[in-house]
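Q: I would like to learn how to read the features of a protein complex. Could you take me through one?

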Amino acid sequence: MSLLTCEDFLKELNDYLDDATSPGLRQEIEAHLAQCPNCWVICDTTRKTLRIYKGTELYPLPPQVHQRLMEALRRKITERNGRH
Amino acid sequence: MHPEAARTNGREDAELVRLAQEGDAEAFAKLVARYENSIFRLARNITQNAEDAEDVLQETFLKAYEHLGEFRGDSKFYTWLVRIAVNQALMKLRRRKSDRSVSLDETFDTGEETLVREIAVWAEDPEQLYSQEELRRILASAIESLPPIFRTVFALRDIEELSTEETAQILNLSVPAVKSRLLRARLRLREHLTRYFKRKGDDVFAYL
Ligand SMILES: [Zn+2]
């Protein structure tokens, strides 16, 4: 019988998803998840949230932005070398 | 480059930094190539504005070049770079919005806030429900809906994959403060995405 409440579970959710809980606590969490459908859903959907963000590149660097960065650096380096 | 790969480059970074400090522009260009994607993405996530993100990208590497002599190597080069970028990005945000919510050490009542409002089972692979472009738009709008400090912590921890300790150091926050903001960020994103990703026909109900 697990003593973990839903509030306790929520406090541990981050560490649990990050694989940073002690084995004992992990067991308690898993016992709670097995008997609490709500916490199971929260856990599953938060895990999926992270998985989807990690698997999707939202903002690839546009080639023109890269180009303008290199130009700005080139100007900076020339300017610095000019001072020597 | 993927953050995981960046992490294994620590020693090589130190060598490139040393060469760059001695005036080797090629070495500095290699560091730029290694981290420009990450810095741009981070700036874009924090500022929520393409123009500001480009400014932050340039300012970060120009500042890094200018102050390279002051880099002592007691932190990783990448962490040092991220710190510059985050400061520039938050400054942009403050300027653009004169937004009081940009404060990093804002306190909130951790006991009162409802962390979870909706519970609904998601589809097994919810990302398959949308085209790549729709998915990007949905994910981006969820991040945009977060207060700046939440999306900054989320971007550092879950997108750029810095550790809790590194994130705390970069933001001058305590480790527990980073953890509580990250939990709120993750749960708010989850909540926001539920309306798009829930399994059809399932009820949504209040909780906690
Ligand atoms: Zn529960």
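Q: Which side chains do B:E124 and A:K48 bring together, and in what kind of link?
A: A salt bridge is a side-chain nitrogen of Lys or Arg within 4 Å of a carboxyl oxygen of Asp or Glu. Here the side chains of B:E124 and A:K48 form one, at 3.9 Å from N to O. Keep in mind that this is a predicted model, where local features need pLDDT of at least 70, side-chain atom pairs count only at pLDDT 80 or more, and totals for chains, interfaces and linings use all residues. Residues are numbered from 1 along each chain as its sequence is written, chains are lettered from A in the order in which they are written, and side-chain values use heavy atoms, with hydrogens and water left out.

Q: How many salt bridges does the rule find across the interface of chain A and chain B?
A: The rule finds 10 across the interface of chain A and chain B.

Q: What area do chain A and chain B bury between them?
A: Buried area is the accessible area (1.4 Å probe) that two parts lose on being put together, summed over both. For chain A and chain B this comes to about 4,300 Å², with 65% of it on carbon and sulfur atoms.

Q: What does the overall form of chain A look like?
A: Chain A has 4 helices and 0 strands, in the pattern α-α-α-α along the sequence. Its radius of gyration is 24 Å, well over the 12 Å that the globule rule gives for 84 residues, so chain A is more spread out than a compact globule. That radius is taken over C-alpha atoms, and the globule rule is 2.2 Å times the number of residues to the power 0.38.

Q: Is B:T167 buried or exposed?
A: Buried means under 20% relative accessible area, exposed over 50%, and partly exposed in between (1.4 Å probe, protein chains only). B:T167 counts as buried because its relative accessibility is 0%. This residue lies in helix α8 (residues 164-171) of chain B.

Key
Helices (H or I, at least four residues) and strands (E, at least two) are DSSP runs, numbered from the N terminus.
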